[in-house]
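Subject: Structure handover

Hi,

Here is the structure I promised to pass on. Please open it alongside this note.

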Amino acid sequence: AMLASGFEVDASITHQGGETSFDFQDGSDRVTGQLSSDGGELGFAMSQEKMVYVLSALGQSVSMMVPDMPFPIEGKFGEAGFSFEMPLAASEEPVPASLSVLLSDFEMADMLWGIFDPQGVLPRDPATIGANLEAEVTPFVSIIDEDAMEAVEEGEELPGELNKVTLTDLVVRAIGAEILGEGEFTFYNTDTETFDGMPRPEGQIDLTISGVNGVIDKLIEMGFVQEQDAMGARMMLGMFTVPGAEPDTATSTILVNDQGHVLANGQRIK
């Protein structure tokens, strides 16, 4: 009722670093640890139109002692972030929505590495995972309208439709391999037959891949993967990629055309 009457919130909190210690006891189980960071931000905005949430941390480190572990669980990362924007009000036209996730320069303690890789076969370079998604959606109902949401829950109303998605800054970098990507898809909600009830997408995603075969070789050396299983993985990789200019690199373009055909590097797979 407050939001519907025009109430709005727009708040931001930043800090320049801090430390936290914790100690939890549950029966005979005990968890203790410390957190520290070099800075961070928490942002939140909400009105009857939309909600925005932003969370970030810099130089975060953690050390925990948990039951059944003889040594602490330790790790740190350079930056971590999470944010989203979502509409709350009904609209006759597409409105923006977004989701962003980042965990960069993550480093795990050597003791933890030693559990599954005592010989140091895998590269232990800092790992990074991140992606940005921007979308256009058409919400048919207001999320703060209790009657409308009850109708959605009972199947009497559709909550809305997805019109467009744009992927940027996709990165997965760990243990010597890297995947980079970007793409864009438009969704046609008038056609839900081509993809078995899902709105028909049209667009493409471009990927650049490096170091994957090297990682497979190392997993075979460690005994985690059998040669025959690795052969199937390599064949699958070959079906959806083309070799790059440098050793152990590849590219892939997955295209969905206006006829609903799915093509991988020009070869039709659906």
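Predicted model: local features only at pLDDT ≥ 70, side-chain atom pairs only at ≥ 80, totals over all residues.

Residues are numbered from 1 along each chain as its sequence is written, and side-chain values use heavy atoms, with hydrogens and water left out.

**The core**

The largest nonpolar core has nine residues. They are L167, F185, F187, F195, I205, I254, V256, V262 and A264. (A nonpolar core is a set of buried Ala, Val, Leu, Ile, Met, Phe, Trp, Tyr and Cys residues joined through side-chain atoms within 4.5 Å. Buried means under 20% relative accessible area, exposed over 50%, and partly exposed in between, with a 1.4 Å probe and protein chains only.) Two or more core residues come from each of β10 (177–188), β13 (249–256) and β14 (262–264). (Strands are DSSP runs of E, at least two residues long, numbered from the N terminus.)

A264 is one of the core residues. Leaving aside residues up to four places away in sequence, A264 touches M239, F240, T253, I254 and I269. (Contact means heavy atoms within 4.5 Å.)

**Around β13**

Which residues of β13 are on the covered face, and which on the uncovered one? A250, S252, I254 and V256 make up the covered face. T249, T251, T253 and L255 make up the uncovered one. In a regular strand the side chains alternate between the two faces of the sheet.

β13 has several pairings to check. (Two strands pair if DSSP finds at least two bridges between them.)

- β11 (residues 200–210) runs antiparallel to β13, with eight bridges. T208 faces T251 there.
- β12 (residues 242–243) is antiparallel to β13 over two bridges. P243 sits opposite A250. Five residues lie between these strands in their hairpin, where D248 takes a positive phi near 55°.
- β14 runs antiparallel to β13, joined by three bridges. L255 has L263 as its bridge partner. This hairpin also has five residues between the strands, and G260 takes a positive phi near 85°.

**Around β5**

β5 covers residues 50–65. Its pairings are below.

- β3 (residues 29–37) pairs with β5 in the antiparallel sense over five bridges. T32 is partnered with M65.
- β4 (residues 39–46) is antiparallel to β5 over eight bridges. F44 has Y53 as its partner.
- S63 is partnered with E74.

V52 lies in β5. Beyond residues up to four places away in sequence, V52 touches G43, F44, A45, F84 and E85. The C-alpha atoms of V52 and E79 are separated by 20 Å, and the two residues are 27 apart along the chain.

**T128**

T128 is in β8 (residues 127–139). T128 is buried, because its relative accessible area is 7%. Its contacts, not counting residues up to four places away in sequence, are L102, L103, S104, D105, V171, V172 and R173. The T128 side chain also reaches the backbone nitrogen of D105 at 3.1 Å.

Best wishes

Key:
Helix = DSSP H or I, 4+ residues; strand = E, 2+ residues; numbered from the N terminus. Polar contact = N/O pair within 3.5 Å; in protein donor to acceptor, adjacent residues only side chain to side chain.
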